[in-house]
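Thanks for coming. I will walk through one chain today, starting with its overall pattern and ending with a few single residues.

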Amino acid sequence: MLFCRLGNLSVQFVEFFFIKLILAECEGSFFYRLDLRTGFKFNSSKKKQSHLIYLELQNVTDNDNIFINRYNRVTKQVNRIDQIGFYPDFGYKFQF
């Protein structure tokens with residue numbers, strides 16, 4: 001955390017880093033996913049507003065995890081539908 005003064009504006013910088021690891025077993029298949037998120041939050045005490053900038057990397061290992069098994073009436077087979085693979089996400093959030 002870093003405090004800084006810019007003219008009459010007092011600003012607080014908050015940096016964050018999150019790691020989320022999900023491990024599970026679903027219908028005999030092993031499910032694992034690693035998500036990383038980092039960013040900065042700028043808080044202004046004078047104007048009562050904040051800015052959030054982040055970068056999130058979802059499923060860093062790019063594992064094909066099962067989402068659902070769906071029955072196909074045409075082929076009379078059960079088809080496996082996987083979750084999304086590696087997915088980068090970034091964003092900006094303004095609060096007042």
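Along the sequence, the pattern reads β-β-β-β-β-β-β. The chain has 0 helices and 7 strands; both are DSSP runs numbered from the N terminus, with at least four residues of H or I for a helix and at least two of E for a strand.

A word on the source. This is a predicted model, in which local features need pLDDT of at least 70 and side-chain atom pairs count only at pLDDT 80 or more, while totals for chains, interfaces and linings use all residues. Residues are numbered from 1 along each chain as its sequence is written, and side-chain values use heavy atoms, with hydrogens and water left out.

Next, the chain as a whole. Of its 96 residues, 20% count as buried. Buried means under 20% relative accessible area, exposed means over 50%, and partly exposed lies in between, with a 1.4 Å probe and protein chains only. The chain exposes about 7600 Å², and carbon and sulfur atoms supply 58% of that. These areas come from the Shrake-Rupley method with a 1.4 Å probe; for residues, only the protein chains shown count as cover.

Now a hairpin. Strand β5, residues 66-72, pairs with strand β6, residues 77-82, in the antiparallel sense over 6 bridges; pairing requires that DSSP finds at least two bridges between the strands. Tyr71 stands opposite Val78 in β6. There are 4 residues between the two strands, and Lys76 takes a positive phi near 55° in this hairpin.

Which residues form the nonpolar patch on the surface? They are Leu21, Leu23, Phe30 and Tyr32, with about 420 Å² of accessible area together. Patch residues have over 30% relative accessible area and no salt bridge, and nonpolar side chains (Val, Leu, Ile, Met, Phe, Trp, Tyr) are joined within 5 Å, like charges within 9 Å. A salt bridge here is a side-chain nitrogen of Lys or Arg within 4 Å of a carboxyl oxygen of Asp or Glu. Strands β2 (9-26) and β3 (29-44) each supply at least two residues of the patch. Leu23 lies in β2 and is exposed, at 54% relative accessible area.

Ser50, in strand β4, counts as buried at 7% relative accessibility. Leaving out residues up to four places away in sequence, Ser50 touches Lys41, Phe42, Asn43, Lys93, Phe94 and Gln95; contact means heavy atoms within 4.5 Å. Ser29, in strand β3, is partly exposed at 21%. The C-alpha atoms of Ser29 and Ile66 are separated by 7.9 Å, though the residues are 37 apart along the chain.
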